[in-house]
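Hello,

Here is the structure we talked about handing over. Please open it first, then read my notes below.

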Amino acid sequence: MTTFLCSAILFDLDGVLANSTQAVGRAWRRWAEENGVEPEKVEAIMHGRRTVEIVRMVAPHLDAEAEADKIERRGVDDDGRDGVVVMPGAAELLQSLPLDRWAIVTSGTRLVATSRLRLTGLPVPDVLVPADDVVQGKPHPEPYLKAALLLAVNPEECLVVEDAPAGIQSAHAGGMKAIGITSTYPESELKEADAVIHAMTQIRVRAQGEGLRVDV
């Protein structure tokens, strides 16, 4: 068992709190086929990064912002068809946390994030940092540092839960500890995390002094 002491927990959304793999994958494959991009190139980098940055990486000749908007809107449409679901244990974990002690930091836009939270019935937190609220996305530390600022918590007192290497790198770059969950990548690709779990049900949180004790 690994124990972390922190003041706040920052969660990625897709692959951590919500399972939207089918919708995301289909939206990207459709876009890749329409634009002559090898789907495998997209699939290799599409987790944990902002849509606009993925487009820039695989199709620099296109208008990245326009294409990203198209992909995000298709993803929202597909969410309802696929029935995006809550990751086991996620709802119970969020319910156990004070509202001012957690946030969601996602590489999706606010439109996508709020849509998925609505579909899954998960609460919209007081602090939500989506892709359109930052200049630089993960693996840059800006998204997680902004969440810490909005929560009024020192970055080094934050614990991050992530499913992608880019997100773990973002957390560490911001001076935070990170738990990796093997919902999207195998454990071998999450080795930079400070601890690795296979399900959200493995996280146990309780109050300790003015902070939180997290056991995994």
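Let's begin with a cysteine. Cys6 is buried, at a relative accessible area of 7%. Keep in mind that this is a predicted model.

Which cysteine sulfur is closest to that of Cys6? It belongs to Cys158, 7.7 Å away. Cys158 is buried too, with 3% relative accessibility. A disulfide needs the two sulfur atoms within 2.5 Å, so the 7.7 Å between Cys6 and Cys158 is too far for a bond. The structure holds zero disulfides.

Next, the nonpolar cores. The largest has 31 residues. Ile9, Phe11, Leu17, Met200, Ile203, Val214 and Val216 have the most contacts inside it. Helix α5, residues 90-95, gives the most to this core: three residues. A second, separate core has 22 residues, including Ala148, Val160, Ala164 and Ala178.

Take a look at Ile9. What does it touch, leaving aside neighbours within four places in sequence? Its contacts include Leu97, Trp102, Leu159, Val161, Val205 and Val214. Arg101 is also one of them. In general, nonpolar side chains in soluble globular proteins tend to be buried together.

Last, helix α8, which spans residues 165-173. Its buried residues are Ala166, Gly167, Ile168, Ser170 and Ala171. What do they pack against? The partners are helix α7 (142-151) and the strands β7 (158-162) and β8 (177-181). Just after α8 comes Gly175, with a positive phi of about 85°.

Best wishes

Definitions and conventions:
Residues numbered from 1 in each chain as written. Predicted model: local features only at pLDDT ≥ 70, side-chain atom pairs only at ≥ 80, totals over all residues. Heavy atoms only, no water. Core = buried A, V, L, I, M, F, W, Y, C linked by side-chain atoms within 4.5 Å. Buried < 20%, exposed > 50% of the residue type's maximum accessible area, 1.4 Å probe, protein only. Helix = DSSP H or I, 4+ residues; strand = E, 2+ residues; numbered from the N terminus. Contact = heavy atoms within 4.5 Å.
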